[in-house]
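Thanks for passing this one along.

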Amino acid sequence: MPTAREKQDSAFAAYQLAKDHEHALAGERGQSDPDVPLIVDHDDVEFHDAIEAEVSAQVALSAALRAVDD
């Protein structure tokens, strides 16, 4: 069974991948400034999905960081 640290490392890797994908899509859409909120067209399913994946990965990472070994 994975330790809390292994779960945290895995969750962080998943979060980083999701965040990188979101940033890549933002860059493709001309939104490369991280200080400016993203503008997402309501019909841009790929971008919506990437943002949802990043948020889900962030929630999973947060839970993993709070976890302790059993």
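**Notes on the predicted model**

1. Let me begin with the contacts of one residue, bearing in mind that this is a predicted model. Setting aside neighbours within four places in sequence, Phe-47 is in contact with Glu-22, Leu-25, Ala-26, Arg-29, Gln-31, Leu-38, Ile-39 and Val-40. Phe-47 itself belongs to helix α2, which covers residues 45-66. Is Phe-47 buried or exposed? Its relative accessibility is 0%, so Phe-47 counts as buried.

2. One of those contacts deserves a second look. Arg-29 lies over the face of Phe-47, 5.1 Å from the ring centre. The cut-off for a charge over a ring is 6 Å from CZ of Arg to the ring centre, along with a limit of 35 degrees from the ring normal. Along the chain, Arg-29 and Phe-47 are 18 residues apart, and their C-alpha atoms are separated by 9.5 Å. If you were hoping for ring-ring pairs as well, the count of aromatic pairs is zero.

3. With Glu-28 it forms a salt bridge at 3.7 Å, N to O. A salt bridge also joins Arg-29 to Glu-46, where the closest N and O atoms are 3.4 Å apart. This second pair links distant parts of the chain, since Arg-29 sits in the loop between α1 and α2 while Glu-46 is in helix α2, 17 residues apart. Glu-28, Arg-29, Asp-44 and Glu-46 are linked in a network of salt bridges, and the structure holds six salt bridges.

4. How accessible are the members of these two bridges? Arg-29 has 29% relative accessibility and therefore counts as partly exposed. Glu-46, at 45%, is partly exposed as well. Glu-28 reaches 62%, so Glu-28 counts as exposed.

5. The side chains of Lys-19 and Glu-22 meet at 3.9 Å, N to O. Why are Lys-19 and Glu-22 separated by about one helical turn? Because they are three residues apart in helix α1, which runs over residues 4-28. An α-helix has 3.6 residues a turn, so residues three or four places apart point the same way. Lys-19 is partly exposed at 22% relative accessibility, whereas Glu-22 is buried with a relative accessible area of 7%. Glu-22 is also one of the residues in contact with Phe-47.

6. Now for helix α2 as a whole. At 1.5 Å a residue, its 22 residues should span 32 Å, and the end C-alpha atoms are 32 Å apart, which agrees. The buried residues in α2 are Phe-47, Ala-50, Glu-54, Ala-57, Leu-61 and Ala-64. Viewed down the axis of α2, the buried residues fall within an arc of 105 degrees, so they line one face of the helix. On the face turned away from that buried side, α2 carries the exposed residues Val-45, Glu-52, Val-59 and Arg-66.

7. Ala-4, Gln-8, Ala-11, Tyr-15, Ala-18, Glu-22, Leu-25 and Ala-26 are buried in α1. The buried residues of α1 pack against α2, and what covers the buried residues of α2 includes α1. Just after α1, Gly-30 takes a positive phi of about 75 degrees.

8. Gln-8, in helix α1, is buried with a relative accessible area of 15%. Not counting residues up to four places away in sequence, Gln-8 touches Leu-61, Ala-64, Leu-65 and Ala-67; of the residues it touches, Leu-61 and Ala-64 are among the buried residues of α2. Ala-53 is in helix α2 and is partly exposed, with a relative accessible area of 38%.

Conventions
Residues are numbered from 1 along each chain as its sequence is written. This is a predicted model: local features need pLDDT of at least 70, side-chain atom pairs count only at pLDDT 80 or more; totals for chains, interfaces and linings use all residues. Side-chain values use heavy atoms; hydrogens and water are left out. Helices (H or I, at least four residues) and strands (E, at least two) are DSSP runs, numbered from the N terminus. Buried means under 20% relative accessible area, exposed over 50%, partly exposed in between (1.4 Å probe, protein chains only). Contact means heavy atoms within 4.5 Å. Rings of Phe, Tyr and Trp (its six-membered ring) pair if their centres lie within 6.5 Å; planes under 30 degrees apart count as stacked, over 60 as edge-to-face and the rest as tilted. A salt bridge is a side-chain nitrogen of Lys or Arg within 4 Å of a carboxyl oxygen of Asp or Glu. The expected span of a helix is 1.5 Å times one less than its number of residues. The arc is that of the directions from the helix axis to the C-beta atoms.
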